[in-house]
Amino acid sequence: MKSIEKAQLCKDFLENKKGMNIKIIKADDSNVLADYIVIATGTSTTHVKALADEVEVKLKEVDILPHHIEGSRYNSWILLDYGDVVVHVFSAESRRYYNLYGEVENLANE
């Protein structure tokens, strides 16, 4: 599966669980960590966890497993690393703290 297809699947899964402000960012050539970054916001810590769980479960159904997951203990920011695609699910407070609204808008429009 191509990276963009995997990123789009993640976005679809997040939309199905009512994730908010979902963005797919294509990483530039200087980023060796991933081809695409998917960012979404949950309405509560419970919602953040549910969004991350949805991505993990649905991708597992098609034999795609994360290399690494971080942040699940706190549920204000969960990172799912699939190698070529990295998914960040934030609470609204965490996303505001890291100021990822304006920055993401600019990158996503390239």
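Lys49 and Asp53 both lie in helix 2, 4 residues apart, or about one turn of the helix. This is a predicted model, in which local features need pLDDT of at least 70, side-chain atom pairs count only at pLDDT 80 or more, and totals for chains, interfaces and linings use all residues. Residues are numbered from 1 along each chain as its sequence is written, and side-chain values use heavy atoms, with hydrogens and water left out.

**Overall layout**

- The protein has 4 helices and 5 strands; helices (H or I, at least four residues) and strands (E, at least two) are DSSP runs numbered from the N terminus.
- Read from the N terminus, the order of elements is α-β-β-α-β-β-β-α-α.
- Of the 110 residues, 39% count as buried, where buried means under 20% relative accessible area, exposed over 50%, and partly exposed in between (1.4 Å probe, protein chains only).
- Among contacts between residues at least 6 apart in sequence, 55% join residues at least 24 apart; contact means heavy atoms within 4.5 Å.

**Strand pairing**

- Strand 3 (residues 68-70) and strand 4 pair in the antiparallel sense over 3 bridges; two strands pair if DSSP finds at least two bridges between them.
- Glu70 has Leu79 of strand 4 as its bridge partner.
- Strand 4 and strand 5 also run antiparallel, joined by 5 bridges, and Asp81 has Val86 of strand 5 as its bridge partner.
- The hairpin of strand 4 and strand 5 has 3 residues between the strands, and Gly83 takes a positive phi near 80° there.

**Nonpolar core**

- In soluble globular proteins, nonpolar side chains tend to be buried together.
- The largest nonpolar core has 21 residues, of which Leu14, Val38, Val55 and Val87 touch the most other members; such a core is a set of buried Ala, Val, Leu, Ile, Met, Phe, Trp, Tyr and Cys residues joined through side-chain atoms within 4.5 Å.
- Elements giving two or more residues to this core include helix 1 (3-16), strand 2 (36-42) and strand 5 (85-91).
- Helix 2 supplies the largest share, 5 residues.
- Leaving aside residues up to four places away in sequence, Val55 touches Cys10, Phe13, Leu14, Leu80, Tyr82 and Val87.

**Salt bridges**

- The structure holds 3 salt bridges, each defined as a side-chain nitrogen of Lys or Arg within 4 Å of a carboxyl oxygen of Asp or Glu.
- Asp84 bridges to Lys6, with the closest N and O atoms 2.7 Å apart.
- Because Asp84 lies in the loop between strand 4 and strand 5 and Lys6 in helix 1, the pair ties together parts that are 78 residues apart in sequence.
- Lys6 is buried, at a relative accessible area of 9%.
- Glu15 and Lys11 form a salt bridge with closest N and O atoms 4.0 Å apart; they are 4 residues apart in helix 1, about one helical turn.
- Glu15 is partly exposed at 40% relative accessibility, as is Lys11 at 22%.
- The side chains of Lys49 and Asp53 meet at 2.9 Å, N to O; Lys49 is partly exposed at 30% relative accessibility, and Asp53 is partly exposed with a relative accessible area of 30%.
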